[in-house]
Amino acid sequence: MAVVRDVPAPQDVRRSGLERWPRYAAAARGLRNYWYPVMWSRDLGRKPVARGLCGERIVLIRDGGTAYALDNACPHRGVPLSVGLQEFPGTLTCRYHGWTFCLQSGVLKAALTDGPNSPICGKVRVKTYPVAERAGLIWVYVGDEPAPPVEADIPRELLEPGTVVVGRISIQRGNWRYAAENGFDEGHAQMLHRYGAVYTAFRRLPAYRETKVVADPDGYLSRVTQLSAEEAEYPGLGKWPRQRPWQRSGKGHRVSIRLPGFIRVKAAHQAHAYWVWWTPIDERRYRMLQFYSAPVSGFDEVKFRLHYLLYRKPFHHIQFNNQDARMVALTPDSAPERLYRPDASITAWRKLCEQARGAPPPAESLDETLAALAEPLAEEANAASGQR
Amino acid sequence: MAVVRDVPAPQDVRRSGLERWPRYAAAARGLRNYWYPVMWSRDLGRKPVARGLCGERIVLIRDGGTAYALDNACPHRGVPLSVGLQEFPGTLTCRYHGWTFCLQSGVLKAALTDGPNSPICGKVRVKTYPVAERAGLIWVYVGDEPAPPVEADIPRELLEPGTVVVGRISIQRGNWRYAAENGFDEGHAQMLHRYGAVYTAFRRLPAYRETKVVADPDGYLSRVTQLSAEEAEYPGLGKWPRQRPWQRSGKGHRVSIRLPGFIRVKAAHQAHAYWVWWTPIDERRYRMLQFYSAPVSGFDEVKFRLHYLLYRKPFHHIQFNNQDARMVALTPDSAPERLYRPDASITAWRKLCEQARGAPPPAESLDETLAALAEPLAEEANAASGQR
Amino acid sequence: MAVVRDVPAPQDVRRSGLERWPRYAAAARGLRNYWYPVMWSRDLGRKPVARGLCGERIVLIRDGGTAYALDNACPHRGVPLSVGLQEFPGTLTCRYHGWTFCLQSGVLKAALTDGPNSPICGKVRVKTYPVAERAGLIWVYVGDEPAPPVEADIPRELLEPGTVVVGRISIQRGNWRYAAENGFDEGHAQMLHRYGAVYTAFRRLPAYRETKVVADPDGYLSRVTQLSAEEAEYPGLGKWPRQRPWQRSGKGHRVSIRLPGFIRVKAAHQAHAYWVWWTPIDERRYRMLQFYSAPVSGFDEVKFRLHYLLYRKPFHHIQFNNQDARMVALTPDSAPERLYRPDASITAWRKLCEQARGAPPPAESLDETLAALAEPLAEEANAASGQR
């Protein structure tokens, strides 16, 4: 008799709290009409690789230095082209029957096992996806509208010459929206990351912060700390958190989120930035792409890379961020939600998503959105001070 | 290519044979309005633990010596409180955003990451469950009606001072009803346990027994052996079972079942008793809690505990009862059933379940139930003797 | 956090391309009213074994030298009889409560734990299946019409005295139809088996072949090679395949398929033949039974068996055919299909299936089917030569 664990059954994907943001609610598989990073450029060669993106199945391959992306299904019998191989330059051949597709156009150039005069040539076409390579990454566009230039969806900082990008790419369980919300979420860090992570062992996390959400250039929403309380007296409970003399207050950094779902974390006094994309695979899984970027070269680059490999990767990108990924995986989709004051960062993000590309024309501008958002927050704060 | 096993697909949970017992048929997740044992008292401390019970998800924690049980989902985002921790006495704090709930009332006392004046305090409440500790076990009440005293659902023997309770708690696959039916089932022991168990290697199991079901004090139904045949001549087949000279006839014991689903097995001449609860987790899994109890102390207690650890646990509670658990796991829920004469014990139990707490007022008393039950049994027996 | 793989979700079983062959489309679990091989005779003894066949669950057991097959569910509580055991010759006893069934008739002979006068005896019956043993294999008939003699579904060659049959039986993922289609498929071998298999490392596979499908005696459809091109110049691409000087052209063999789904591969100059049955377990799994047969004896038999064990089994039946099984497992069922010229072999097979036993009377004979099939092929060929 195998061991049976006391685990909950799998969850429904629809969350009941999203009615106010219909486009966001519909985007369980991601926002379409955007470029997404999907893998390191250096990992793509002549061997095709499969990638799920916004519920679509894509095969990627490099040929003559250029990356290509096609629908990962041979139209003949549906077998994945990612198990195929390259028999001629500029093409990808299905391993099953030798159907050979032009990488650029997707057109069937030959059905090898039907001879050179196969009548099906030119009559079949697999879908191709726009692909680009920037900042050491492969970017794929998925959508129904014509693709904008890839630079439209890549942060300016990553595109600047001389920028070094290091990072970690992993697959995680859970819906990408809860991962993105976790990333921009004001409240959780003070609690979730307080315990069990080397990365915060010597950092004094505040008890709570008051922040406001502002619109930044380049389409970012940013959280701006208004007040940071190292310690507080909670009525009926006592002081929190326990102070640890060896901890030092962290330096302020600005957390910003942008469509279609990534954050930038940057400190005013530092040249490097921290980035996370939550690229949807399907409703239940996302690819987490975590980066550090910095304009460094020579010995500074060596130091930057070593610091990443020896400290930031194991302690920030793995141990610290796995605390986040665990919470995202544990967030059920069928349960109702009950937001609280710091979730203003989340509702601002959800409102932003209503204005994503391909949307019906937004009823209000982002500034109006933020203004409108500020009011109930103020009201709630008043109610709160009146109450207690 | 991974190995694929020739196993049946998972089964539907509805069994077609239960139409005559509508409440029982509806109780796939257990009978509500009862206290259930869920874990050892000694295993509960300040670290919260998750327990599934009758389809509900519960978090248990001990604080200041007292056990508490709450709905295992933070109302904020639905994350399980069982991954939370205790920041203040008398409370449980969600690990994600620090929502802090009063263990006694379930009321939100603080949203730590929103500061001491968070307006949401006092406005949110998680469900709490009645909990009690008796006989070294944690008991939880799940139901819609007010909870009776816990003693109402605990056997008198286990509550007596000086009683020592030892046992094994495990999670098993299958529906709790088939486990309970297996436990009170007259027929299976003579076949299922005849082979492959050390526990019965030296015990002469009869070929068959004739039993009647009677109502015992304290709400038990008991099987009373009327006739026990060591060997029989089966028409057209021959004698059965094969006699093994080294085996000795077992001493008689009385098997009794009680709502919401546990048995007591007791021999007239012995002080100790054997108990099993089949506490439903959900439709497909149950927690099997197997105990031995005895009024012992001093050196007798040491002997009793050693005898359990070295003999009864490995050979009775594990090897022998795993034979039962395997059959329960193999009982499909979608198949029709065809009962036979010894299943009178099962139908009596099903009738008893129709009178469980929270039920519409029973049309007949338990005595009437048993009397009514006796008639068709008699008829069937007559028909049987006439037939052969 | 457990590792999550980037794998596609499980597929639907209905394929959209099968509308033209309604009986075949409906046969996701196999064609009924046929005999299927399910296991080696030598592997069946007094211990019952479970076998899935065309979606039905069957228990097999040998008694007094004869093989029997019954529905693998005790009518009492549905527990599989395959965990049962034999208490009396000519019967199978359920392990749970000792219900004992006549192997020949399926009738309940005794309910052991209810004593010799159990009134249920003779009133319950489990379904029995026709079973036969030929060529060292157990054959089971599943269907609704009376079973024909087993010889009707076994190749003549395997029935001839002095024939030795060796082989491999395994369970594979995927629908049996795509396995059968792969087996008779003209096109795939030249591509799929070109790389990665020792079996073809020294064999010169042609670039493509032109074949026609003909009706052979005994109900076989056969592919007859009309033209075999070792190399070809593909417009816009170049020559294919790369020639390897150490490879030698293979000798011609005739591939034939027959209802309910097996192939015979035979070379004119050789005495041995190669066989594969794809026996459906259910919609998603099939049992692959691969054989070599030869009329050998004495030292020739030893050589034949050794050659199989040391060469054909590891390199043909395992490594080479696992390439096929992988493609079958990768063929999605929900995707549309787009057939090409060599798939004439597949459509001929599908048409043949429309004439399977138990079908409504076929509108045309097999010869007419093949004649009708030849026309569009000719047209398509004309169109093709006109086009290029």
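Tutor: Keep one thing in mind. This is a predicted model.

Student: How many residues are in contact between chain C and chain B?

Tutor: Contact needs heavy atoms within 4.5 Å. By that rule, 47 residues of chain C touch 52 residues of chain B. The area buried between chain C and chain B is about 4,100 Å². Carbon and sulfur atoms give 58% of that area.

Student: Which residues of chain C lose the most area to chain B?

Tutor: They are C:R77, C:Y96 and C:P116. Together they account for 19% of what that side buries.

Student: Why is the link between B:E181 and C:R77 called a salt bridge?

Tutor: The rule asks for a side-chain nitrogen of Lys or Arg within 4 Å of a carboxyl oxygen of Asp or Glu. The side chains of B:E181 and C:R77 meet at 2.2 Å, N to O. That is within the cut-off, so the pair is a salt bridge. Between chain C and chain B the count is three salt bridges. There are also 13 residue pairs in polar contact between these two chains, with both residues at pLDDT 80 or more.

Student: Which elements of chain C each supply at least two residues to that side?

Tutor: Among them are the strands β2 (49-53), β11 (163-173) and β21 (285-295), and the helix α5 (298-330). By class, the side of chain C that touches chain B has 22 nonpolar, 13 polar and 12 charged residues.

Student: Now the contact of chain A and chain C. How many residues does it take from each?

Tutor: It takes 47 residues from chain A and 52 residues from chain C. Chain A and chain C bury about 4,100 Å² between them. Of that, 58% is on carbon and sulfur atoms.

Student: What makes A:D114 and C:R341 a salt bridge?

Tutor: The side chains of A:D114 and C:R341 meet at 3.1 Å, N to O. The value is within the cut-off, so the term applies. The count between chain A and chain C is three salt bridges. The rule for polar contacts finds 13 residue pairs across this interface, both at pLDDT 80 or more. The side of chain A that touches chain C divides into 22 nonpolar, 13 polar and 12 charged residues.

Student: What joins A:L259 and A:P260?

Tutor: A cis peptide bond, with omega about 5°. A:P260 sits in the loop between β18 (254-258) and β19 (262-266) of chain A. In chain C, a cis peptide bond joins C:L259 and C:P260, and omega is about 5°.

Student: What is the phi of A:N33?

Tutor: Phi of A:N33 is positive, about 70°, although A:N33 is not a glycine. A:N33 lies in the loop between α1 (22-26) and β1 (34-40) of chain A.

Student: Is A:N33 buried or exposed?

Tutor: Buried means under 20% relative accessible area. A:N33 has 6%, so A:N33 is buried. C:N33 also has 6%, and C:N33 is buried. Phi of C:N33 is near 70°, a positive value in a residue other than glycine.

Student: How do you know that A:Q190 is buried?

Tutor: Its relative accessible area is 1%. The cut-off is under 20%, so A:Q190 counts as buried. A:Q190 is in helix α4 (residues 188-192) of chain A.

Student: What does A:Q190 contact, leaving aside its neighbours within four places in sequence?

Tutor: The partners include A:L205, A:Y208, A:W240 and B:T113. A:R209 is one of the partners. A polar contact of 3.5 Å joins the side chains of A:Q190 and A:R209.

Methods: Residues are numbered from 1 along each chain as its sequence is written. Chains are lettered from A and ligands numbered from 1 in the order in which they are written. Side-chain values use heavy atoms; hydrogens and water are left out. Buried area is the accessible area (1.4 Å probe) that two parts lose on being put together, summed over both. A polar contact is a pair of N or O atoms within 3.5 Å; within protein, one must be able to donate a hydrogen and the other to accept it, and residues adjacent in sequence count only if both atoms are side-chain atoms. Helices (H or I, at least four residues) and strands (E, at least two) are DSSP runs, numbered from the N terminus. Ala, Val, Leu, Ile, Met, Phe, Trp, Tyr, Cys and Pro count as nonpolar, Asp, Glu, Lys and Arg as charged, and the others, Gly among them, as polar. Buried means under 20% relative accessible area, exposed over 50%, partly exposed in between (1.4 Å probe, protein chains only).
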